[in-house]
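Colleague: Before we look at the model together, could you show me how to read helix packing and nonpolar cores?

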Amino acid sequence: VILIHYPQHYHPNTPKISENLTRMLQRTFSQQIISDIAKEAQDYASCRGIVMNTKEGKLTHAPVTLIPSPIPKSSFEEAWKVSTDFNEIVDKISKNFEFIVKHLEGVHDDEFTAQLIEIFKRVHSEGIRQKKTLGIHRSDYMLHAVDESSVATLKQVELNTIAASFSNLSSFVTDLHRFLLDRFNIEGYSSTSLPLNETTVELPGALASAVKLYGKEGAVVAMIVHPGEVNTFDQRWIEYFLWEKHGVRLLRRSLEDFDARGTIDSEGHLTIDGNVVAVAYYRAGYSPDDYPTQKEWDARLKIERSNAIKCPNIAYHLVGTKKIQQVLAVPGILESLLEDKKSIERLRNVFVGLYSLDEKDADVASTIEKARKNPEKYVLKPQREGGGNNIYGEDIVKSLDTFSSRKLSSYILMDRIMVPEIPTYLLRAGEVSKVEGVAELGIYSVFLSDSDGKVVLNKPGGFLLRTKVSHVEDGGVAAGVAVLDCPYLV
């Protein structure tokens, strides 16, 4: 049974984007066609592996939109092109010990980030054993328009340097939408406007290239996962593609497993359960919840000390913090790190206003005052990944009034991105809702360099589009807030 829910008050508020996009947003569909599409979507998702485990351990289709969401083609191409610039800047900063320590020294009240910094300092003082680097990143963006008369532009939400998820399911959802558009011959839509999404090729390919670069026959990829992971199926596809296309085995192990059974042999190889680990690929380890005891921290240090290629290594992880994102927006910083003026321009074009709250900064008092006067224009961000951690609206004022200056130094302030609302249909657990949604575009990218710093691989790796109800402030697909979508380029 397909249940369709319509909101009682539906008032699209769409800033100026393009005539084509405006026409698409004005289209409506009959209840019958939506019901038919939903039934096909459920069956396709179940047959093609677009599935997830619920927290209760039940198998269900992953939440998806029934119709792909319109995204300006120029914005998509902009995000695609700048992805390799972000790869370069991450790698450049990761090799600059003083830069990382200097700009993260104010994040002292965040125990989690402080622990990561201590591991970073420790392995640096001991001598970095493995200088080959592998990055699988995802930079997330939203369209930004301050009012209905403004033209929307692309702005970065954040850069994920660890555990960028949903690459495989995103590719399958692109196939799902292509099937639905062709199957139902929906007026005004053409499947040729859906971009090619080759995450299932590029991400396993990068891992396989890293194993080859490691240079030990029979070595494996160890995917570091959460106990009780709900997003297992998205992750397992990487395992299958690695084996089927490259003949590389992937093991799923937790940090606790590495603490108990992981060892470093006399040559520096990381081994577990009799297997040499060429690549330690983190799909966990980005949240304080992933380190409930000292055992997990000991495992992270053990892995970092080994010869295994880390994805990410501890430096890459730290470059992905919100504080470094804020520092990069400071005038002159990009220019001090990069020589290519076009690259600098591409990067700066996607930045929004980002402001330090470090108690040592001269402008912190005026920044706090701006946020107090107009909290709806800002987002207060901690050094966290995984969604659900940001602070909005009047809660910003409460935080500014109650946080100590030391604690506040561990946060940054960011201009709030004013996102165009897109009417869409969400399918979750067999139920359809017509909602005003907001879309977030993520571009995956892969980067591999050898021990001399020579770039082996630097390219975009595919995309992810997530849509959620416009009034929901924060959270992703795994958190049960957003649904998987696909960009329809206009």
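Colleague: In which handedness of crossing does H15 pass H16?

Modeller: A crossing is left-handed if the near helix is turned anticlockwise from the far one by less than a right angle, and right-handed if clockwise; here H15 passes H16 in a left-handed crossing. This is a predicted model, in which local features need pLDDT of at least 70 and side-chain atom pairs count only at pLDDT 80 or more, while totals for chains, interfaces and linings use all residues. Residues are numbered from 1 along each chain as its sequence is written, and side-chain values use heavy atoms, with hydrogens and water left out.

Colleague: Which residues of H15 and H16 meet?

Modeller: With contact meaning heavy atoms within 4.5 Å, Ile-368, Ala-371 and Arg-372 of H15 meet Ile-396, Val-397, Leu-400 and Asp-401 of H16.

Colleague: Which residues touch the most other members of the largest nonpolar core?

Modeller: A nonpolar core is a set of buried Ala, Val, Leu, Ile, Met, Phe, Trp, Tyr and Cys residues joined through side-chain atoms within 4.5 Å, where buried means under 20% relative accessible area, exposed over 50% and partly exposed in between, with a 1.4 Å probe and protein chains only. Of the 137 residues in the largest such core, Leu-66 and Val-279 touch the most other members. Beyond its neighbours within four places in sequence, Val-279 is in contact with residues including Leu-134, Leu-207, Ile-309 and Cys-311. A second, separate core of 14 residues includes Leu-357, Ile-368, Leu-408 and Tyr-411.

Colleague: Why does His-103 count as buried?

Modeller: His-103 counts as buried because its relative accessibility is 17%.

Definitions and conventions:
Helices (H or I, at least four residues) and strands (E, at least two) are DSSP runs, numbered from the N terminus.
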